[in-house]
Amino acid sequence: MKKFSLILAFLSFSMIFGQKNLIKNGSFESDAMSWRGENVLTINPYVKKTGSKSGNIYEYTSPSWKGIDQEFTIPKNTPAIEISAWVKADAVEKGKNNWNKAVIVLEMAGKNQNIVELEGTTNWQLVKKIIPTENSRSGRLMIALSECTGSFLFDDIKIIPISKEDYEKIVDEDIKNKEAISLQNTPNPAQNTLTKTFNNGNFENGKNSWRGNFSIDNDLKKEGNSAAKIISETKNWEGIDQEFNVPSNAKTITISGWLKSENIIQGENPWNNGLLNVEFTSDGKNKTAQDESIAFVTGSTDWQFYSKTFTIPQNTQRTRIMIAIGFATGILYADDIQVKFNP
Ligand SMILES: [Ca+2]
Ligand SMILES: [Ca+2]
């Protein structure tokens, strides 16, 4: 829940600066204007969330696809959009299939994603989702009763473009926040294993120098005799990390390593996946820049090599390598992680 308040904070920030709603007449104050499918849309002046009208689709006898939709254009250089909508179901009875409910569906980048699925009778609720655009410049939002019966009410529909800068902040805050919550619940053996230099990146010395829950695997390894194996059964942060000093003459850092994934299923957000990250701090606590990602992995992949070089942010004294399944499920293997400081 904490995460949402953070995301909300960012969004109210962007709203203050007038990020444009890409959806026209999302408030239904101009009746059916700008929506396609006006013959199935009822404007409801009695049960509404904002202003004096809401949108309503109802069907009581024969379940079929009954929906409205609107196409929208995404501005250039928009890495992600945020969709929000107030929704309410009234006696929605699920149809033949599990997905036959009151739904909002986003069509973008060649795929359909459900924003919300409702059944039964609910109060007004706000749904919000941040979705990467994958460089798509257009999309279509559908609101429908998907082969089910009942009444679906909706109001204040918004699609707000998120700038690259804001998106990075949201991802960073989310990871940091969730990681902090989960580290609170994990015993911290790092106190006695804190190292000055990066060590045992190939896991040939077992768990030495690393903090977190993992095992050493001698069968599935990329290099030598052993690799790290991280398992996440629930959508928690399961990961390992190692913190070490940055030499004073270092200008850039190159981090490389091999990762292999087994059935990693993305969590709520696209960045909730298997990951290899680096953190820069002045003292182990205060960040000197946002975390950088060397790799995100999802699904099942064979061993794959990743490498990235970063300029060391000003005042950075310490850095931390994290290998984790960040609020997703599955298995992540890591081997031969190398850190090179370049003058
Ligand atoms: Ca309204
Ligand atoms: Ca190894």
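**Sheets, core and domains of the predicted model**

Five strands form an open antiparallel sheet in the order E11-E12-E19-E14-E17. Strands (E, at least two residues) and helices (H or I, at least four residues) are DSSP runs, numbered from the N terminus. Two strands count as paired if DSSP finds at least two bridges between them. The edges of this sheet are strand E11 (215-217) and strand E17 (299-311), each of which pairs on one side only. On average, neighbouring strands of the sheet are turned by 30° against each other, direction ignored. Axes here are lines fitted to C-alpha atoms, for helices over the stretch in contact, and angles run from 0 to 180 degrees between N-to-C directions. E11 is joined to strand E12 (residues 227-232) by three bridges, and the two run antiparallel. Within this pair, Asp-217 has Ala-227 in E12 as its bridge partner.

The structure is a predicted model, in which local features need pLDDT of at least 70 and side-chain atom pairs count only at pLDDT 80 or more, while totals for chains, interfaces and linings use all residues. Residues are numbered from 1 along each chain as its sequence is written, and chains are lettered from A and ligands numbered from 1 in the order in which they are written.

The protein chain has two helices and 19 strands. Its C-alpha atoms fill a box of roughly 65 × 45 × 35 Å along the principal axes. Of the 343 residues, 39% are buried. A residue is buried if 20 or more other C-beta atoms lie within 10 Å of its own, exposed if 12 or fewer, and partly exposed in between, with C-beta atoms placed from the backbone. Two residues are in contact if their C-beta atoms, placed from the backbone, lie within 7 Å. Among contacts with a separation of 6 or more, 76% join residues 24 or more positions apart.

The domain assignment gives domain 1 (2-162) and domain 2 (165-342). Such bounds come from an automatic or database domain assignment. The centres of domain 1 and domain 2, taken over C-alpha atoms, are separated by 36 Å.

A second open sheet has four strands in the order E3-E8-E5-E6, with antiparallel pairing. Strand E3 (65-73) and strand E6 (111-118) stand at its edges; each has a single partner strand, so one side of each is left without a neighbour in the sheet. Neighbouring strands are turned by 20° against each other on average, direction ignored. Strand E5 (residues 102-108) and strand E8 (residues 138-146) run antiparallel and are joined by seven bridges. Ala-102 stands opposite Leu-145 in E8.

Strand E18 (residues 318-326) is mostly covered, with seven of its nine residues buried. E18 pairs with strand E13 (residues 237-245) in the antiparallel sense over nine bridges. In this pairing, Gly-239 stands opposite Ala-324. E18 also pairs with strand E15 (residues 274-281), again antiparallel, over eight bridges. Here Thr-281 has Arg-318 as its bridge partner.

The largest nonpolar core has 72 residues. A nonpolar core is a set of buried Ala, Val, Leu, Ile, Met, Phe, Trp, Tyr and Cys residues joined through C-beta atoms within 7 Å. The residues with the most contacts inside this core are Ala-228, Ile-323, Leu-332 and Ala-334. E4 gives the most to the core, with eight residues. Domain 1 (2-162) and domain 2 (165-342) each supply at least three residues. Neighbours within four places in sequence aside, Ile-323 is in contact with Ala-228, Ile-230, Gly-239, Ile-240, Leu-276, Leu-332 and Ala-334.

Leu-22 lies in the loop between helix H1 (2-16) and strand E1 (42-44). Leu-22 is buried, with 22 other C-beta atoms within 10 Å. Beyond its neighbours within four places in sequence, Leu-22 is in contact with Phe-72, Thr-73, Ile-74, Ile-159 and Pro-161.

Most residues other than glycine have a negative phi. Ala-91, in strand E4 (residues 80-93), has a positive phi near 55°. Ala-91 is exposed, with 12 other C-beta atoms within 10 Å. Asp-156 in strand E9 (residues 149-162) also has a positive phi, near 55°. Asp-156 is buried, with 22 other C-beta atoms within 10 Å.
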